[in-house]
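Have the sequence and the 3D view open as you read.

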Amino acid sequence: MLELVVNGTPHAIDVAPDTPLLWVVRDHLGLTGTKFACGMGLCGACTMIVGGSALRTCVLPASAAVGQAVTTIEGLPAHPVKDAWIAEQVPQCGYCQPGQIMATVAFLETNPNPTEQDIREGVTNLCRCGTYDRIRKAILRAAQARAAASASKVEP
Ligand code: FES
Ligand code: FES
């Protein structure tokens, strides 16, 4: 029995510990927003935030997430990254986008004021529709929104 906390909710799940976290979340918890594509840790479609890091969960044993907060796209609250994705109309087919968004949320936590080059190096998820230009614009927009929000918090 694995005990996982996903989107703030604790679960006890009867599953082999080496089952990839992606399949535990999709098949046992019914959270299907996170997608499967390559299955080899290469594309990022399966990205969740685990213990604060964006991880590719098709190759992550569920046992590695025990004791860590797991956040999926369903658990992401109202967020500047979501707003920026809408403003820039990023998705085309949409399949890769949950992973792109989760990778971006974690990226901006460690790199809140990125350059375009930082983004190219830091968010490496693949998009078969080629939405990369819009993704980069959305990440820059989200970074600006986060900076503006934190600046307004420190205003007297
Ligand atoms: S499906 Fe996990 S990295 Fe591609
Ligand atoms: S929007 Fe279609 S794969 Fe990225």
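## The hairpin partner

Strand β3 (residues 47–50) and strand β4 (residues 53–56) run antiparallel and are joined by four bridges. Strands here are DSSP runs of E with at least two residues, numbered from the N terminus, and two strands pair if DSSP finds at least two bridges between them. In this predicted model, local features need pLDDT of at least 70, side-chain atom pairs count only at pLDDT 80 or more, and totals for chains, interfaces and linings use all residues. Residues are numbered from 1 along each chain as its sequence is written, chains are lettered from A and ligands numbered from 1 in the order in which they are written, and side-chain values use heavy atoms, leaving out hydrogens and water.

Two residues lie between β3 and β4 in this hairpin, and Gly51 in the turn has a positive phi of about 60°.

## The other neighbour and the two faces

β3 also pairs with strand β5 (residues 69–71), again antiparallel, through two bridges. There, Val50 stands opposite Val70.

In a regular strand, side chains alternate between the two faces of the sheet. On β3, Thr47 and Ile49 point to one side and Met48 and Val50 to the other, and all are buried (under 20% relative accessible area with a 1.4 Å probe, protein chains only; exposed is over 50%, partly exposed in between).

## A closer look at Leu55

Which residue of β4 is the bridge partner of Met48? That is Leu55, which counts as partly exposed because its relative accessibility is 28%.

Leaving aside residues up to four places away in sequence, Leu55 touches Cys46, Thr47, Met48, Val50 and Leu60; contact means heavy atoms within 4.5 Å. Gly99 is 44 residues from Leu55 in sequence, with 9.5 Å from C-alpha to C-alpha.
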